[in-house]
Amino acid sequence: MKKVLGVAIATISISVLAACGQEPAAPTQAEVPAEVPAAEPAPVAEAAPAAAPAEAAPAGAFEPPAWAYPVMDEGRGRGPDDGTLHTVPGSTLQLTQTQINDPFNPPDWYPDEHPPMPEVVAHGRQPDVRACAQCHMPHGAGHPESSGLAGLPAGYIVEQLEAYASGERVSLIPARSASMVTIASAMTPQEMQDAAAYFSSLPPVKWITVHEATEVPVTFVGAGNMRHAEVGDAAGMEPLGNRIIEIPEDSERAELRDSHSPFQAFVPVGSIAKGEAVSAAGNCALCHGADLKGGLANIPAIAGRSPIYIARQLFDIKYGARKGAAVGLMQGVVATLSDDDILNLSAYAASLEP
Ligand code: HEC
Ligand code: HEC
């Protein structure tokens, strides 16, 4: 047991890998602005008829939960760049906020820690292919808003890019996938291959610690849809309830896109064990491999990835926003999952070593 921000409860150390992604930066704010309806019904659900024989649940009555689909709170974006030079421990780089959020030249604080990045990963291609490293980071761990890509099968990565481009994959809150739709639609097949080979070659790192808790820090959703603990007068604790709250260990460093700056997730007491039971009953390991570390051919690892990313994907698949041939394998699985099962599975999977 360990005290976590004043709250105690079983602290389970986990890791993650890659999962979190980050929706990014300034540019994304523009796309996920206020008018983005937090509950746009999944248009795709309705349109899915002919497609999968499966049974995407009707999305109509479903409100994507704010804990899984955070959208920036009004007025909580980054302020103007005041020209300050920022750095992170262990790096010699010094960059302004504008440079840190440059979608075509994102920071590479620790260039010696990863193989050379292909051009599309390091710089992208103007005007629409933003550098993958901006949100998924040079080491591929990403932030909870996007997705971890390190170590995923290259074939799976290419398939997902094709699915964003073809319209088969959107988010239940379309603004959340809008950046990927734009980027993937503009990529050449060669760029897809290059990016997939790079991220697939990276070892997933431990990137998340999962804590079972009854109380959590009061949080807000800031730039790029990243959730942070409040500071100053607004700081405090509140009941966790039936949510997963995932925040940086160090908000300032996460905002600097520091790839040494991991995340922590607070999950309901007992959710990890419940998730383990649902995983066993649902045979997740059959396809996702032992300990969900990756299994058959192009099936992604789930272990140690961002719990809110995992939850979004299970909801997106269950309610029909994410479809396609391979997704058919998941549809029978999610049809039997309650929304609570999804929360518990997400807590469990995130708590595993990547
Ligand atoms: C502006 C931020 C941003 C940039 C830049 C970006 N991504 Fe993403 N990426 C996201 C977000 C957000 C998601 C999750 C979208 C969703 O909910 O479906 C995502 C998801 C993905 C996924 C799905 C992962 C999975 O496990 O299924 C892949 C693959 C991916 N991105 C590849 C790329 C590649 C390759 C590039 C560079 C060409 C790139 N991304 C650039 C934000 C970004
Ligand atoms: C019959 C095989 C099969 C089983 C069983 C299965 N999955 Fe999957 N799962 C897949 C495939 C295939 C995909 C990738 C779909 C695609 O290509 O878009 C996937 C994708 C996912 C994703 C999205 C990953 C990402 O990177 O976006 C999650 C999360 C997931 N599965 C969780 C689970 C959980 C939890 C269980 C058990 C309750 C489970 N799966 C059982 C085949 C399976």
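User: What share of the contacts in the chain with a separation of 6 or more comes from residues 24 or more positions apart?

Analyst: Good place to begin. In this predicted model, 73% of the contacts in the chain with a separation of 6 or more are between residues 24 or more positions apart. The chain has 354 residues, and buried residues make up 50% of them. Its secondary structure comes to 14 helices and 10 strands.

User: Which residues of the largest nonpolar core touch the most other members?

Analyst: That core has 77 residues, and the ones touching the most other members are Phe199, Ile244, Ala265, Ala311 and Ala349. Take Ile244 as a case: setting aside its neighbours within four places in sequence, its contacts include Trp67, Pro307, Leu343 and Ala347. Ala265 and Ala311 are also in contact with Ile244. There is a second, separate core as well, with five residues, among them Val88, Leu95, Ile100 and Trp109.

User: How do I read the packing of two helices, and what are the values for α6 and α7?

Analyst: Two packed helices are described by two values, the angle between their axes and the distance between the axes. For α6 and α7, the angle is about 100° and the axes are 8 Å apart. Angles of 65 to 115 degrees count as roughly perpendicular, so α6 is roughly perpendicular to α7. On the α6 side, Leu161, Tyr164 and Ala165 take part, and they meet Ser177, Met180, Val181, Ala184 and Ser185 of α7. Sorted by class, the residues of this contact are six nonpolar, two polar and no charged.

User: What are the angle and the axis distance for α12 and α13?

Analyst: Here the angle is about 95°, and the axes lie 9 Å apart. That makes α12 roughly perpendicular to α13. Leu314, Ile317 and Lys318 of α12 make the contact with Met330, Gln331 and Val334 of α13. By class, the contact of α12 with α13 has four nonpolar, one polar and one charged residues.

User: Now the ligands. How many residues surround ligand 1, and which are the closest?

Analyst: Ligand 1 is surrounded by 30 residues, the closest being Arg130, Cys132, Cys135, Ser146 and Ala195. Three helices, α5 (132–136), α6 (154–166) and α7 (175–186), each supply at least two residues of this shell. Of the elements, α7 gives the most, with five residues. The shell around ligand 1 holds 14 nonpolar, 11 polar and five charged residues.

User: Which residues are closest to ligand 2, and which helix gives the most to its shell?

Analyst: Ligand 2 has 21 residues around it, and Gly282, Cys284, Cys287, Gln313 and Ala326 are the closest. At least two shell residues come from each of α11 (284–288), α12 (307–318) and α13 (328–335). The most come from α11, which gives four residues. By class, this shell has 14 nonpolar, six polar and one charged residues.

User: What should I look for in the backbone itself?

Analyst: Most residues other than glycine have a negative phi, and most peptide bonds are trans. In this chain, Gln126 and Pro127 are joined by a cis peptide bond, with omega about 5°. Pro127 sits in the loop between α4 (119–122) and α5.

User: What is the phi of Met137, and what is that of Asp291?

Analyst: Met137 is not a glycine, yet its phi is positive, about 70°. Asp291, also not a glycine, has a positive phi of about 55°. Met137 lies in the loop between α5 and α6, while Asp291 is in the loop between α11 and α12.

How values were computed: Residues numbered from 1 in each chain as written. Chains lettered and ligands numbered in written order. Predicted model: local features only at pLDDT ≥ 70, side-chain atom pairs only at ≥ 80, totals over all residues. Near = placed C-beta within 6 Å. Nonpolar A, V, L, I, M, F, W, Y, C, P; charged D, E, K, R; others polar. Axes fitted to C-alpha atoms, helices over the stretch in contact; angles between N-to-C directions. Parallel < 35°, antiparallel > 145°, perpendicular 65-115°, else oblique. Contact = placed C-beta atoms within 7 Å. Core = buried A, V, L, I, M, F, W, Y, C linked by C-beta atoms within 7 Å. Buried ≥ 20, exposed ≤ 12 C-beta atoms within 10 Å, placed from the backbone.
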